[in-house]
Amino acid sequence: MSRFLRLVVLLASISMFAASLAWGDVPGNSWDRLTKEEQKSLQPFKEQWPSLSPEKQQKLRRGAEKWGRMTPDERREAQERYKRWQKMSPEQQEKIRKRFSEFRKLPPEEQDRIRSRYRWFRTLPAEQREVLREKWRSMTPDEREILRERLQTMTPEERKKFLLQ
């Protein structure tokens with residue numbers, strides 16, 4: 001989830017190519033002070049560039065830089081996530097923003113644990129993921145809490161075996 005929301009910020013510049021030079025740390029650069037590579041990458045924002053806040057300019061520049069470091073598969077995946085994000089209602093988007101904010105407040109170890117489990121989930125075939133989602137949806141809140149507690153006492157291998165029953 002964390003990666004998804006970080007990419008949402010990045011995807012504001014989805015049509016951009018990589019900026020190959022370091023950005024520098026001078027906030028609020030005028031368009032003319034950008035390098036040719038930066039101007040090429042940020043071309044979709046040329047007209048509005050002067051009216052953007054220095055913070056927004058920096059976000060866009062960092063986004064373009066990250067985009068340039070992505071593999072074609074990562075770019076394709078990011079574009080798909082961005083399309084799904086755009087199709088969400090404002091309420092759904094706000095719910096995700098809140099959950100992301102809560103996630104960022106967790107200790108780094110807990111964030112790592114959640115990321116690890118998410119990566120494992122993503123390695124499952126789509127059919128298995130859907131079966132697990134449906135099991136989760138059919139549970140009551142109390143059943144979910146009991147399951148959470150039970151899973152925390154298991155080793156990763158036991159957890160995998162249990163979940164895939």
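A residue is called buried here when its relative accessible area is under 20%, exposed when that area is over 50%, and partly exposed in between. With that in hand, welcome to this structure, which is a predicted model.

## The chain as a whole

Buried residues account for 28% of the 165 residues in the chain. The chain holds 9 helices and 0 strands, and its pattern along the sequence reads α-α-α-α-α-α-α-α-α. Of the contacts between residues at least 6 apart in sequence, 54% bring together residues at least 24 apart.

## Salt bridges

How many salt bridges does a search of the whole structure find? The search turns up 10. Three of these pairs are set out below.

| Arg97 | Glu94 | 3.6 Å |

Let's start with Arg97 and Glu94. Both belong to helix H5 (residues 90-105), and because they are 3 residues apart in that helix, about one helical turn separates them. Arg97 is partly exposed, with 40% relative accessibility, and Glu94 is partly exposed too, at 35%.

What separates Arg137 and Glu134 in helix H7? These two residues sit 3 residues apart in helix H7 (residues 126-138), so they are about one helical turn from each other. Arg137 has a relative accessibility of 49%, so this residue falls in the partly exposed class. Glu134 counts as partly exposed at 44%, and Glu130 is partly exposed with a relative accessible area of 36%.

Which residues are linked with Arg137 in a network of salt bridges? The network takes in Glu130, Arg133, Glu134 and Arg137.

## A positive patch

Lys56, Lys59, Arg62 and Lys66 form a positive surface patch. One of these residues, Lys56, is found in helix H3 (residues 54-69). A patch member needs over 30% relative accessible area and no salt bridge. Lys56 has a relative accessible area of 34%, which makes this residue partly exposed.

Is Arg159 buried or exposed? Arg159 is buried, yet this residue has no salt bridge. A salt bridge calls for a side-chain nitrogen of Lys or Arg within 4 Å of a carboxyl oxygen of Asp or Glu. For Arg159, the nearest side chain of opposite charge is that of Glu158, 7.5 Å away. Setting aside residues up to four places away in sequence, Arg159 touches Arg117, Leu151 and Met154.

Phe162 is buried, with a relative accessible area of 19%. Which residues does Phe162 contact, leaving aside neighbours within four places in sequence? They are Leu147, Arg150, Leu151 and Met154. Phe162 and Leu151 are 11 residues apart along the chain, and their C-alpha atoms are separated by 8.6 Å. Leu151 and Met154 are in the contact lists of both Arg159 and Phe162.

## Looking back

To sum up, this predicted model has 9 helices and 0 strands, along with 10 salt bridges. Among the features to find in the structure are the network that links Glu130, Arg133, Glu134 and Arg137, the positive patch that includes Lys56, and the buried residues Arg159 and Phe162.

How values were computed. Residues are numbered from 1 along each chain as its sequence is written. This is a predicted model: local features need pLDDT of at least 70, side-chain atom pairs count only at pLDDT 80 or more; totals for chains, interfaces and linings use all residues. Side-chain values use heavy atoms; hydrogens and water are left out. Helices (H or I, at least four residues) and strands (E, at least two) are DSSP runs, numbered from the N terminus. Buried means under 20% relative accessible area, exposed over 50%, partly exposed in between (1.4 Å probe, protein chains only). Contact means heavy atoms within 4.5 Å. Patches are made of residues with over 30% relative accessible area and no salt bridge: like charges are joined within 9 Å, nonpolar side chains (Val, Leu, Ile, Met, Phe, Trp, Tyr) within 5 Å. Accessible areas come from the Shrake-Rupley method with a 1.4 Å probe; for residues, only the protein chains shown count as cover. Lys and Arg count as positive and Asp and Glu as negative; His and the chain ends are not counted. The place of a charge is taken as NZ of Lys, CZ of Arg, CG of Asp or CD of Glu.
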